[in-house]
Amino acid sequence: MPRPSAVTTHRVLTVPNLISFVRLLGVPLFLYLFLVPRADVAALVVLAIGGTTDWVDGFVARRLRQVSRLGEVLDPFADRLYILAVLVAFTVREVVPWQFAAALLAREVLLGGCLLVLRRHGYGPPPVHYVGKTATFLLLAAFPVLLLAAAVPAAAAAAHAIGWGLAWWGLVLYWVAGALYVVQAVGLVRAARAEGPR
């Protein structure tokens with residue numbers, strides 16, 4: 001017998017929201033470990049935990065029927081913050097070339113512009129697309145593997161190949177998802193203009 005679908009609530013104190021908050025705390029911890037004492041193995045552990053728990057908060061929210069408005073915003077925010085923080089740190093220490101970081105950041109700038117336009121017309125952010133979730137999963141899987149390649153010479157050859165394979169697929173899907181969000185935004189703006197002033 002299928003479980004009833006989760007109902008979105010305005011609750012703040014939920015298990016999935018707590019998981020998302022813990023993930024957010026991992027961002028400054030990773031940056032400190034990676035950039036200050038350069039404790040790469042410890043930073044790798046923090047990054048791997050942050051990446052692998054990306055799906056946990058959503059799974060728990062659906063399983064416990066604790067889907068919340070805050071969680072719908074907090075989860076993608078935590079994903080983006082992890083990606084941006086890792087990109088900055090990896091670029092500073094030359095784990096990834098600046099061109100790769102610039103390609104990901106350009107997509108974020110594009111989406112930021114779309115969100116501003118949507119807000120002007122009274123809309124919130126578009127719903128997260130499965131292509132975007134897949135891209136985020138690939139990137140959050142790629143980053144620990146790339147760090148493993150840089151931190152453990154014995155694993156460098158295999159980890160480098162696997163990490164960059166995941167990273168390039170993630171980048172492509174990240175832009176595909178961005179294009180889909182732009183199409184959604186254009187459709188909403190056109191609909192708003194057709195309806196006239198609210």
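Hi everyone, let's start with the space inside this one: the largest pocket has a volume of about 1100 Å³. This is a predicted model, so local features need pLDDT of at least 70, side-chain atom pairs count only at pLDDT 80 or more, and totals for chains, interfaces and linings use all residues. Residues are numbered from 1 along each chain as its sequence is written, and side-chain values use heavy atoms, with hydrogens and water left out.

What do I mean by a pocket? On a 1 Å grid over the protein atoms alone, a pocket is an open set of points where a 1.4 Å probe fits, with protein on both sides within 12 Å along at least five of seven lines. Lining residues have an atom within 4 Å of a point. For the volume, grid points are joined across faces, edges and corners, and we take the space filled by probe spheres set on the points.

Now, who lines the largest pocket? There are 41 lining residues, and Glu72, Val73, Asp75, Pro76 and Val128 lie nearest its centre. In terms of helices (DSSP runs of H or I, at least four residues, numbered from the N terminus), α1, α3 (56-63), α4, α5, α6 and α7 each supply at least two residues of that lining. Which helix gives the largest share? That is α4, with 10 residues.

Next, the nonpolar core. By that I mean a set of buried Ala, Val, Leu, Ile, Met, Phe, Trp, Tyr and Cys residues joined through side-chain atoms within 4.5 Å. Buried is under 20% relative accessible area, exposed is over 50%, and partly exposed is in between, with a 1.4 Å probe and protein chains only. In soluble globular proteins, nonpolar side chains tend to be buried together. Here the largest core has 31 residues, and Phe30, Phe90, Phe100 and Phe143 have the most contacts inside it. Helices α1, α2 (40-52), α4 (69-92), α5 (98-120), α6 (130-151) and α7 (156-195) each supply at least two of the residues in this core. A second, separate core has 6 residues, among them Leu118, Tyr123, Ala185 and Val189.

Let's zoom in on Phe90. With contact meaning heavy atoms within 4.5 Å, and not counting residues up to four places away in sequence, Phe90 touches Phe30, Phe34, Leu47, Val95, Val96, Phe143, Leu146 and Leu147.

Several of those names return when we look at aromatic rings. Rings of Phe, Tyr and Trp (its six-membered ring) pair if their centres lie within 6.5 Å; planes under 30 degrees apart count as stacked, over 60 as edge-to-face and the rest as tilted. Searching the whole structure gives 7 aromatic pairs. One of them is Phe30 with Phe34, which is stacked, at 5.4 Å centre to centre and 15° between the planes. Both sit in helix α1 (residues 15-35), 4 residues apart, or about one turn of the helix.

We say a charge sits over a ring if NZ of Lys or CZ of Arg is within 6 Å of the ring centre and within 35 degrees of the ring normal. The charged end of Arg93 sits over the Phe34 ring, 4.3 Å from its centre. Likewise, Arg107 lies over the face of Tyr174, 3.7 Å from the ring centre.

Ala43 is in helix α2 and is buried at 0% relative accessibility. Leaving aside neighbours within four places in sequence, Ala43 is in contact with Phe30, Leu33, Phe34 and Leu147. Thr136 lies in helix α6 and is buried at 8%. With neighbours set aside in the same way, Thr136 is in contact with Asp54, Asp79, Ile83 and Tyr174.

Last stop, the loops. Most residues other than glycine have a negative phi. Arg38, in the loop between α1 and α2, has a positive phi of about 55° although it is not a glycine, and at 51% relative accessibility Arg38 counts as exposed. Glu94, in the loop between α4 and α5, has a positive phi of about 60° and is exposed at 70%. Thanks, all!
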